[in-house]
Amino acid sequence: MANEIVKYSNQFNAQALRRFTALDLDLLMAIAARVRDKEIDEVTFTFEELRQLAHVKKNLTDKELAARIVEVNDRLLACRFRFQDDSRTVQFTLFSGFETDWKTAKLLVAVNPRFSFLLNDLTSQFTRFELAEFTALKSSYAKETYRRLKQYRQTGVWKVSLEEFRRLLDVPKSYRTCDLNERVLKPIQAELGELLGLRIHKKYAKRGGRGRSSLVGFEFEFDPEKVPGGVSAPRVELSPGVVADAARKSLRDAARADERAEAERRREENLKAVAEERARRGGSMLMHAMEHSLGI
């Protein structure tokens, strides 16, 4: 099966998908890829197509997969989407219904016609990525970050406030900074670091202009995509505070590297001295044994 391309209006990235699992996101993007630019309000999938498109576990029976799709649909139907432009507000659900039949192993998705403006006739201000690359990611946080980074694929920088980041990725309100680091940022860096050349910069500021600086946002820096024959996008610079923090961290890391190198050098010298001492003692003991055997 040829690799599918997901392409939609950037407005869709402003929507938070509450309580969506990694599989929920894979199924949603598979559907979005198939209905793009087709001006249709219904699309039929075989379960085998779904398994391939969304990388669904093959050990699920058709009946088990159908039950899982129903659970996914419960979350999709619960979503209420809202889009705002200069003069109007549009509110709707993405899908008007799913018809799942495990005996025929087919899924019929009824797409809300109001959804079509997000997927059709896109000439500018759109997000584009490969479905296979998206579904290969394991963490839902990595998936949600990935598709928003793809909105800025030509500039290579996504700047977002802490509050907006929490909203978009549906991060639990109970998560403290340490939880955010371990449960959200760590999986994102692990999956997207090498894939996109991702570097996550934390932005700090003093609230109210006084007191200790606190975390206020993130700046995600990654390798921009080159458009063949196209004009390069304007360069987006990191914020001065982020650059200064990165420079301090670089100097600190360099100092720590020098300290580790010096410690390793001293360790090797100590090991060499110990080896030489043991060799010297071994030689003395051998000479003494030889003298004793000769009766000297």
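Predicted model: local features only at pLDDT ≥ 70, side-chain atom pairs only at ≥ 80, totals over all residues.

Mentor: Residues are numbered from 1 along each chain as its sequence is written, and side-chain values use heavy atoms, with hydrogens and water left out.

Trainee: What is the strand order in the open sheet of three strands?
Mentor: The order is β2-β6-β5, with antiparallel pairing. Strands (E, at least two residues) and helices (H or I, at least four) are DSSP runs, numbered from the N terminus. Two strands pair if DSSP finds at least two bridges between them.

Trainee: Which strands stand at the edges?
Mentor: β2 (42-46) and β5 (95-101) do. Each has a single partner strand, so one side of each is left without a neighbour in the sheet.

Trainee: How many bridges join β2 to β6?
Mentor: Five, and β6 covers residues 106-111. Look at phenylalanine 45: leucine 107 in β6 stands opposite.

Trainee: Which strands does helix α1 touch?
Mentor: Helix α1 (residues 22-35) packs on the sheet and touches β2, β5 and β6. Contact means heavy atoms within 4.5 Å. The direction of α1 makes about 120 degrees with that of β2. Axes are lines fitted to C-alpha atoms, for helices over the stretch in contact, and angles run from 0 to 180 degrees between N-to-C directions.

Trainee: And which strands does helix α3 touch?
Mentor: Helix α3 (residues 62-78) packs on the sheet too, touching β5 and β6. Its direction makes about 170 degrees with that of β5.

Trainee: New topic. At what angle do α1 and α5 cross?
Mentor: Roughly 35 degrees, with axes that come within 8 Å. Helix α5 is residues 140-149. Among the α1 residues in the contact are Leu25 and Met29; Lys143 and Arg147 are among those from α5.

Trainee: Okay, cavities. How many of 30 Å³ or more are there?
Mentor: A search of the whole structure finds one. On a 1 Å grid over the protein atoms alone, a cavity is a set of points where a 1.4 Å probe fits but cannot get out. A volume is the space filled by probe spheres set on the points, which are joined across faces, edges and corners.

Trainee: Which residues line the largest cavity?
Mentor: Leu27, Ile31, Leu50, Ile69, Phe98 and Leu107. Lining residues have an atom within 4 Å of a point. The volume of this cavity is about 30 Å³.

Technical notes
1 Å grid on protein atoms, 1.4 Å probe; cavity = no way out; pocket = protein on both sides within 12 Å on 5 of 7 lines; lining within 4 Å.
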